[in-house]
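I opened this model to look up its charged pairs, its ring pairs, its sheet and its cores. My entries follow in the order I made them.

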Amino acid sequence: MDRVFQLAAERPVVVFSKSTCCMCHTIKTLFFDFGVNPTVYELDQIPGGREIEQALARHGVAGDFPVVFIGGNLVGVVFIGGNLVGGANEIMTLHLNGSLSAMLKRAGALWL
């Protein structure tokens, strides 16, 4: 899990995704529409992706973090400003209640 937090801390917005996941695509599209350029790790395409997915799953099960599974697979985990925010549900909730843009600004991912 140390590697996950290290990767998450390197950029303002980090998305751990799968290239075939429609919810992950939705999250990435929302960020792009904001003008944010998230760092995206496609866990099904990068070396060590399975290990990262397993670490996220273990952390989500062991802690109080909102990790979402669909069909046994981890989907869209987002870190903003080095902090674990959650998945698509949490990102959409933040967007709809108007707090996502402020969070992105605080992290240095959004300037306007």
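**Entry: salt bridges**

I began with the side chains of Glu53 and Arg50, which meet in a salt bridge at 3.2 Å, N to O. I count a salt bridge when a side-chain nitrogen of Lys or Arg is within 4 Å of a carboxyl oxygen of Asp or Glu. Glu53 and Arg50 both sit in helix H3, three residues apart, about one turn of the helix. Helices here are DSSP runs (H or I, at least four residues), strands likewise (E, at least two), and both are numbered from the N terminus.

I noted the ground rules before going on. The model is predicted, so local features need pLDDT of at least 70 and side-chain atom pairs count only at pLDDT 80 or more, while totals for chains, interfaces and linings use all residues. Residues are numbered from 1 along each chain as its sequence is written, and side-chain values use heavy atoms, with hydrogens and water left out.

Next I checked exposure. Buried means under 20% relative accessible area, exposed means over 50%, and partly exposed is in between (1.4 Å probe, protein chains only). Arg50 is partly exposed, with a relative accessible area of 47%. Glu53 is buried at 5%.

Lys18 is buried, with a relative accessible area of 14%. Salt bridges that share partners join Lys18, Arg50 and Glu53 into one network.

I then searched the whole structure and got three salt bridges. One of them is between Glu42 and Lys28, at 2.6 Å, N to O. That pair links distant parts of the chain: Glu42 is in strand S2 and Lys28 in helix H2, 14 residues apart. Both Glu42 and Lys28 are buried.

**Entry: aromatic pairs**

My rule takes rings of Phe, Tyr and Trp (its six-membered ring) as a pair if their centres lie within 6.5 Å; planes under 30 degrees apart are stacked, over 60 edge-to-face, and the rest tilted. By this rule I count three aromatic pairs. Phe5 and Phe79 are edge-to-face, at 5.7 Å centre to centre with 90° between the planes. Phe5 lies in helix H1 (residues 2-9) and Phe79 in strand S5 (residues 77-80), so the pair ties together parts that are 74 residues apart in sequence. Are these two buried or exposed? Phe5 is partly exposed at 31%, and Phe79 is buried at 0%.

Phe16 and Tyr41 are stacked, at 5.4 Å and 20°. Phe16 is in strand S1 (residues 13-17) and Tyr41 in strand S2 (residues 39-42), 25 residues apart. Phe16 and Tyr41 are buried. Phe5, Phe16, Tyr41 and Phe79 form one aromatic cluster.

**Entry: the sheet**

I traced an open sheet of four strands in the order S2-S1-S5-S6, with mixed pairing. Two strands pair if DSSP finds at least two bridges between them. The edge strands are S2 and S6 (83-86), each pairing on one side only. Neighbouring strands are turned by 25° against each other on average, direction ignored. Angles run from 0 to 180 degrees between N-to-C directions, and axes are lines fitted to C-alpha atoms, for helices over the stretch in contact.

S1 and S5 run antiparallel and are joined by four bridges. Val14 stands opposite Phe79 in S5. H1 packs on the sheet and touches S1, S2 and S5, at about 135° to the direction of S1. Contact means heavy atoms within 4.5 Å. Helix H4 (residues 88-96) lies across S5 and S6, at about 90° to S6.

**Entry: nonpolar cores**

I define a nonpolar core as a set of buried Ala, Val, Leu, Ile, Met, Phe, Trp, Tyr and Cys residues joined through side-chain atoms within 4.5 Å. Which members of the largest core touch the most other members? Of its 16 residues, they are Val13, Phe31, Ile80, Ile91, Leu100 and Leu104. S1, H2 (22-34), S5, H4 and H5 (100-107) are the elements that give two or more residues to this core. Leaving aside neighbours within four places in sequence, Phe31 has contacts that include Val15, Val36, Pro38 and Val78. A second, separate core of 13 residues includes Val4, Leu7, Phe16 and Ala55.
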